[in-house]
Amino acid sequence: MPLSIGIDIGGTNLRAARISETGEILKRVSEKSAPDPELVLGLIADMVRLLDTPEVKTIGVGVPGRVDARRGAVLSGGYVNLASVALGQRLEDMTGKPVVIDNDCNMALAAEMALGAGRGHGNIVMFTIGTGIGGAVAQDRRITRGSATAGQLGHITVDVNGEVCACGRRGCVETTSSGTALGRHIARAGLGADISVDQLFARDAAGDFHARGILDAWARPLRAAIDTAVAVLAPDLVLLGGGLGRAAHAALARAPALAPWYQCHVEPAQLGDDAGVIGAGLQALAEPSAKYNRARRAVLVNGIPASGKSTVSRGIADRMGWPLLALDTIKNPFLEMLGGGDRLFNRTLGRASYQAIWSVVGEAPAGTTVVVDAWFGFQPREVLEDHLRKAGVEQTVEIWCHAPGEVLAERYGARLDQRPAGHPGAAYIPELIELAKRAEPLRRGPLFDVDTTKPIDFDAITAWLRTVMADRA
């Protein structure tokens, strides 16, 4: 049975647990958090070592702040800002296991949908009330991420003239209804800093108007933010999680929804502090392609000279938005600057250009997909495999471009005067015709065949690419 390790990074505590496929916590550990990202990374690595077993196949990490889950990149954070440490890649390097990274609230919502208050609901909005306010949104039981970081519900504006938020805007609900904001409301009312939220409720029940005013000031902006989320997203359910989720739910009883259009059932989350680690573990197990989402991928547009692969490569790159690297693009500037050369020099420069392509790919950000235009049969297969390994390319698909030798000869001859000196001339055409008879695709991974004597169906090619590469763009 495959297991995972779920990690929940908080400003106060770091929690980790070994998680089963059903979301059961098999073993847990925790550490005090710290503002130093390098120290946090080291503590996480230590916790993983305590939890790791041969059955653990993957790791999920819930991170506070803005996270691009597709790329596995932390964009910004609060008390623990891990944007500078390449968390996913370094944790993968340390553990040798694929790592899934997402916003901590998204992980908590995933757990609540699987095991908690979100079971049976398809469209959910979740606010997590703690030191700040986090948020997550699910539509049709899938976490909504938008272009990258959707779900930042703590930054719904409830007072355009309000206090400045950490995000740089004014009057976000985080500034009025978080745990930190509750502390400010208590201080402004002149009550002691050590008063708990439970004591506030007790004082309110006893008729203390100061306590009642604090709870009203805390709850009413949250109600406005909930109503806004309901108006925009029309969920089946609003969940309140985090350390103060249940208290916030109780406080909302004093601030009911008034507008009839924006009514929605509001419930406290059920899993408490375990939601983050359970959700992180389940998300990691549910995304077997997560390593590919972070690893580099390559579309190998393969074919002998004049086979039409350059046209196909450009069409794919334009439609998919992926960078294109072509052998001639690397090689031609050197031929132009050096004034050409003989056939041996051309082959040597081709091998160097081939290596340069994969060196560039290896420097690309994690999660990059590239289109590579080359005749991959001009070097031994083991050379390609070595380049792919060094470049960190985990997945390849192949587009095989071909045409009869006579067609290739005509194409090649028509462009002889368009190529820099150093490329083989007309004497190469008989060799090209013979090469067309024996050339074959690599058959490394999924293969799409393109007869370039016919109109190129780019819609079919791109649809196939999205399917076989599980592209989420």
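Author: Gladly. β15 is mostly covered, with six of its six residues buried. This is a predicted model, in which local features need pLDDT of at least 70, side-chain atom pairs count only at pLDDT 80 or more, and totals for chains, interfaces and linings use all residues. Residues are numbered from 1 along each chain as its sequence is written, and side-chain values use heavy atoms, with hydrogens and water left out.

Reader: Which residues point each way from β15?

Author: Thr369, Val371 and Asp373 point one way, Val370, Val372 and Ala374 the other way, and all are buried.

Reader: What makes β13 and β15 a pair?

Author: Two strands (DSSP runs of E, at least two residues, numbered from the N terminus) pair if DSSP finds at least two bridges between them. β13 (residues 296–302) and β15 have six bridges, in the parallel sense, so they meet that definition. Val299 stands opposite Val371 in β15. β14 also runs parallel to β15, joined by three bridges, and Leu325 has Val372 in β15 as its bridge partner.

Reader: Why is the pair of Tyr354 and Phe378 called edge-to-face?

Author: Rings of Phe, Tyr and Trp (its six-membered ring) pair if their centres lie within 6.5 Å; planes under 30 degrees apart count as stacked, over 60 as edge-to-face and the rest as tilted. Here the centres are 5.3 Å apart and the planes at 75 degrees, so the pair of Tyr354 and Phe378 is edge-to-face. Tyr354 lies in helix α13 and Phe378 in the loop between β15 and α14 (381–391), 24 residues apart. Tyr354, Phe376 and Phe378 form one aromatic cluster.

Reader: How do you know whether Tyr354 is buried or exposed?

Author: Buried means under 20% relative accessible area, exposed over 50%, and partly exposed in between (1.4 Å probe, protein chains only). Tyr354 has a relative accessible area of 1%, so Tyr354 is buried. Phe378, at 25% relative accessibility, therefore counts as partly exposed.

Reader: What puts the buried residues of α2 on the same side?

Author: In helix α2 (residues 87–95; a helix is a DSSP run of H or I, at least four residues), Leu87, Gly88, Leu91 and Glu92 are buried. They cover an arc of only 125 degrees around the axis, which puts them on the same side of α2. That arc is taken from the directions from the helix axis to the C-beta atoms. An α-helix has 3.6 residues a turn, so residues three or four places apart point the same way. α2 is followed by Gly96, whose phi is positive, near 70 degrees.
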